[in-house]
Amino acid sequence: MTSNTIKFVHEDRILEIKNPNPNETILNYVRTKLRKTGTKEGCAEGGCGACTIVLGELKNNNINYIAINSCIMFLPTLQGKQLILVEDLISKNGSLHPVQQAMVDYHGSQCGFCTPGFVMSLFSMFKNNSRFKANEIKDSISGNLCRCTGYQPIIKAAKSLNNRNKTDHFTKNKKNMISLLKKINNESIVIYKKDKKYFAPRYVQELKKILKKNINSHLLSGGTDLALTVTKERKDLNSVIYMNSIDELNYIKNGKKYIEVGATTPLIKFEDYIQKYYSDFTTILKRYGSPQIRNVATVAGNIATASPIGDTLPLLLSLDAKVVLKSIKKTKIIPLNNFFLGYRKTKLKKGQFIDSVRIPLFPKNIFKAYKVSKRFDDDISSVCASFNLEVQNKKIKNIRVAYGGMASIPKRAKYCEKILLNSLITEQNINKAKKALEQDFKPINDMRASGKYRMEVAKNLLQKCFLEIEQKKLIRINN
Ligand SMILES: Cc1cc2nc3c(=O)[nH]c(=O)nc-3n(C[C@H](O)[C@H](O)[C@H](O)COP(=O)(O)OP(=O)(O)OC[C@H]3O[C@@H](n4cnc5c(N)ncnc54)[C@H](O)[C@@H]3O)c2cc1C
Ligand code: FES
Ligand code: FES
């Protein structure tokens with residue numbers, strides 16, 4: 001079924017909006033139309049968490065609660081979901097939600113501007129976990145900035161949730177909410193609003209047809225890159241095809257030779273899955289934006305941006321990943337190594353979309369990845385490095401080295417690889433490989449780092465990789 005009217009649940013009611021503006025953010029709608037002003041706007045670019053709200057998504061007869069940045073999510077993407085705002089946490093009898101009460105009890109708020117965002121991030125943690133350990137707490141608020149309270153009272157408040165009643169009014173109302181969500185969950189959306197078009201197909205077949213007819217449309221997945229065109233650059237997106245309503249592409253499959261990640265799989269799901277195979281991948285993803293970002297952002301979106309500082313990209317390059325591209329009739333599988341053409345330019349043609357990414361398995365190899373950024377949490381890399389190698393009898397049998405932040409595209413370090421391949425791991429050879437990085441890259445100066453600093457860091461990360469391998473006694477480095 002296709003409709004021009006989005007439907008979502010708020011305060012136990014199904015709300016309908018006919019032909020909503022495809023470029024309006026959820027934040028703007030909530031504050032100016034619903035007149036719920038608890039949710040704040042800080043940065044309008046996903047970086048401060050003041051606008052955090054929670055969406056309830058129907059998954060396998062259950063509700064998945066995800067925290068998102070409402071400043072960079074467009075209103076029509078609310079279709080089929082439950083909208084939960086900070087005002088909704090107070091129960092009908094007026095009592096505070098356990099998360100709110102904890103913030104009061106532990107003095108987790110001063111000026112209060114950041115507080116609704118923190119409350120919503122903690123609420124999503126509260127709903128999705130049964131115990132709250134230090135790591136989970138830290139992770140859940142890593143996308144929220146506070147300038148006055150300091151984080152300790154907030155962390156103490158979060159810890160205290162372990163001893164509070166876990167049954168809130170959302171738990172009590174869950175059955176009813178599931179039946180409401182089931183009523184609105186199935187429709188594809190097509191909106192024509194003045195000069196703007198918005199499509200949210202539910203199936204790949206539908207997507208192909210829409211794309212064929214609307215070849216100049218922007219593909220929108222999590223929107224954590226694309227939405228900033230509207231919120232920061234103040235430009236319009238006139239024709240948008242929303243990918244993330246296609247459940248068919250939200251999957252991770254594991255074959256014998258590779259893992260396949262569907263285009264609409266959120267990074268948060270991928271980061272848990274990949275841990276078993278490449279634990280450093282998970283370590284990097286834990287520092288990728290924030291949970292609000294990773295709840296909606298995709299690997300496909302990261303690849304399509306071709307950003308030189310896209311964090312999954314050096315990792316995928318060193319793992320020799322392949323991109324599966326589809327169009328109305330054809331499927332093409334391209335090595336990621338050949339996919340990037342120049343600064344934010346790729347081989348993706350009009351009428352094509354990324355269907356999935358294939359990540360080969362290297363059971364005999366050592367995989368390492370490092371991210372260096374100015375701030376530990378919620379920051380973009382200055383340099384990101386990734387190493388995938390097989391070592392036999394202290395000799396490197398195969399190796400792939402890739403860096404982000406060192407060139408106009410994320411790139412393999414071919415000269416460095418050449419020095420190391422079939423070489424014994426010795427300090428002398430590592431030094432030669434470090435020197436070879438100067439042939440591979442001529443990094444630029446920008447606000448994140450100077451070119452000189454980047455080169456130094458790139459060399460040091462190479463050394464770090466081998467030192468760590470040595471420390472784990474996987475091999476010995478001889479002088
Ligand atoms: C606060 C903040 C923090 C961030 N932190 C990081 C970080 O730490 N590391 C990092 O690498 N990035 C970071 N980013 C950037 C962004 O989150 C990533 O690039 C993300 O992976 C983009 O995915 P998305 O699904 O949101 O893509 P979108 O924003 O939806 O799309 C991005 C681009 O990809 C295209 N596209 C999307 N899906 C497809 C598809 N299936 N086929 C073809 N083209 C497609 C779109 O048309 C668009 O050009 C951050 C962004 C924000 C706002
Ligand atoms: S307003 Fe800062 S993250 Fe949305
Ligand atoms: S309480 Fe003021 S910014 Fe957090």
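User: In which helix is the place of S318?

Analyst: Please bear in mind that this is a predicted model. S318 lies in helix α14.

User: Is S318 buried or exposed?

Analyst: A residue is called buried when its relative accessible area is under 20%. The relative accessibility of S318 is 0%, so S318 counts as buried.

User: Which residues does S318 touch, apart from those up to four places away in sequence?

Analyst: With those residues not counted, S318 touches F367, S386, F387, N388, R400 and A402.

User: Which residues are buried in helix α8?

Analyst: Helix α8 covers residues 204-213, and V204, L207, K208, I210 and L211 are buried there. These buried residues pack against strands β8 (196-200), β9 (218-220), β10 (239-242), β13 (322-326) and β17 (353-360).

User: Where is the place of Q352?

Analyst: Q352 belongs to the loop between β16 (345-346) and β17. With a relative accessibility of 11%, Q352 counts as buried. Leaving aside neighbours within four places in sequence, Q352 is in contact with L211, L219, L325, K326, S327, K332 and K347.

User: How far apart are Q352 and K212 in sequence and in space?

Analyst: Separation along the chain and separation in space should be read side by side. Q352 and K212 are 140 residues apart in sequence, and their C-alpha atoms are 8.8 Å apart in space. For the whole chain, consider the contacts between residues at least 6 apart in sequence: 65% of them join residues at least 24 apart.

User: Which residues touch the most other members of the largest nonpolar core?

Analyst: A nonpolar core is read as a set of buried residues joined through their side chains. The largest one here has 84 residues, and L83, F270, Y278, F281, I303 and I359 touch the most other members. A second, separate core of 35 residues includes V54, F123, A157 and L180. F281 is also one of the buried residues of α11.

User: With which residues is L83 in contact, leaving aside its neighbours within four places in sequence?

Analyst: The contacts of L83 are F8, V9, H10, I26, V30, L34, I53, V54, L55, L78 and D88.

User: What is phi for D12, and where is D12 found?

Analyst: D12 has a positive phi of about 65 degrees although it is not a glycine. D12 is in the loop between β2 (5-10) and β3 (13-18), and at 30% relative accessibility D12 counts as partly exposed. N61 likewise is not a glycine, and its phi is positive, near 60 degrees. N61 is in the loop between β4 (52-59) and β5 (62-69).

User: How many helices and strands are there in the protein chain as a whole?

Analyst: The chain has 17 helices and 21 strands. Its radius of gyration is 23 Å, close to the 23 Å that the globule rule gives for 479 residues, so the chain is as compact as a globular protein of that length. Buried residues make up 59% of the 479 residues.

Definitions and conventions: Residues numbered from 1 in each chain as written. Chains lettered and ligands numbered in written order. Predicted model: local features only at pLDDT ≥ 70, side-chain atom pairs only at ≥ 80, totals over all residues. Heavy atoms only, no water. Helix = DSSP H or I, 4+ residues; strand = E, 2+ residues; numbered from the N terminus. Rg over C-alpha atoms; globule rule 2.2 N^0.38 Å. Buried < 20%, exposed > 50% of the residue type's maximum accessible area, 1.4 Å probe, protein only. Contact = heavy atoms within 4.5 Å. Core = buried A, V, L, I, M, F, W, Y, C linked by side-chain atoms within 4.5 Å.
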